[in-house]
Amino acid sequence: MEAAAKYDFEATADDELSFRKGEKLKILQTTGNWYKAELNGAEGFVPRNFISIHLPSWYQEDASRSDAEEKLMTQPVGAFLIRGSQSAALGDFSISVRHATDVQHFKVLQDGRGQYKLWSEKFPSLNQLVEFYKKNTVSKHTQIFLQETQQQQRGSSDNLPPLPASLHTPPVLDRPCKPAPRQVFNTVCVCVCVFCVPTLMCVCTEFR
């Protein structure tokens with residue numbers, strides 16, 4: 001998926017991705033308030049309210065293989081959806097397509113430059129892959145052209161609440177907190193022998 005940066009964003013953590021207003025980002029994951037994105041070969045998390053992304057009805061990242069089959073079996077031939085691959089790494093996708101008698105699933109492959117492909121043709125985005133297979137058969141065995149259905153649109157990050165007029169850029173959305181590293185303390189004791197006392201006197205202290 002593609003997104004346009006609405007504001008400048010400067011990363012404040014190693015796993016975040018900096019960008020400038022107007023740049024085009026490739027979205028790899030859309031869960032939560034922070035999306036995983038790619039820009040110029042670098043990957044990282046970006047706040048969703050700093051970008052503009054439209055999620056079409058065919059993009060259903062969390063749908064399982066069985067979910068896709070259940071939804072598409074009632075649709076005409078060529079109906080499809082793209083979902084997150086359940087057997088591969090984050091950012092990998094599968095496309096499920098309604099055929100005449102069943103639903104078939106294709107792995108969307110990526111090359112070393114992050115371009116997507118089903119067969120030999122490569123595309124810089126899923127949107128362009130979909131547009132290509134609306135006019136070219138997606139199957140090697142029969143003529144199947146992708147077609148969108150009347151499913152309800154999932155919405156867009158543009159539907160966020162309006163910003164106060166005094167703000168030039170929105171506040172950065174909170175990220176889930178990572179558990180704090182466990183603190184390990186070491187104890188050191190110093191013991192001295194004092195005359196006339198039958199036992200040792202010890203003073204102990206802790207340090208990290």
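In the predicted model, Gln110 has Tyr116 of strand 10 as its bridge partner. Strand 9 (residues 103-110) and strand 10 (residues 116-117) are joined by two bridges and run antiparallel. Both strands belong to an open sheet of five strands, arranged in the order 7-8-9-10-11 with antiparallel pairing. The edges of this sheet are formed by strand 7 (80-84) and strand 11 (122-123), each of which pairs on one side only. In general, the strands of a sheet pair through backbone hydrogen bonds, in either a parallel or an antiparallel manner. Helix 1 (residues 65-72) lies across strand 7, strand 8 (93-98) and strand 9, and the helix runs at about 165 degrees to strand 7.

When residues up to four places away in sequence are not counted, Phe19 touches Ala5, Tyr7, Asp8, Phe9, Leu25, Leu39, Val46, Phe50 and Ile51.

Ser18 is located in the loop between strand 1 (2-5) and strand 2 (24-29). Its relative accessibility is 28%, so Ser18 counts as partly exposed, a class that lies between the limits of 20% for buried and 50% for exposed residues. Apart from neighbours within four places in sequence, the contacts of Ser18 are Phe9, Glu10, Ala11 and Leu39. With regard to Ala11, a polar atom of the Ser18 side chain is found 2.9 Å from the backbone nitrogen of Ala11. Ser18 and Phe45 are 27 residues apart along the chain, and a distance of 8.9 Å separates their C-alpha atoms.

A further loop, between strand 3 (34-39) and strand 4 (42-47), contains Asn40. The phi angle of Asn40 is near 55 degrees, which is a positive value in a residue other than glycine. Asn40 counts as exposed because its relative accessibility is 73%.

Terms used:
Residues numbered from 1 in each chain as written. Predicted model: local features only at pLDDT ≥ 70, side-chain atom pairs only at ≥ 80, totals over all residues. Heavy atoms only, no water. Pairing = 2+ DSSP bridges. Helix = DSSP H or I, 4+ residues; strand = E, 2+ residues; numbered from the N terminus. Contact = heavy atoms within 4.5 Å. Axes fitted to C-alpha atoms, helices over the stretch in contact; angles between N-to-C directions. Buried < 20%, exposed > 50% of the residue type's maximum accessible area, 1.4 Å probe, protein only. Polar contact = N/O pair within 3.5 Å; in protein donor to acceptor, adjacent residues only side chain to side chain.
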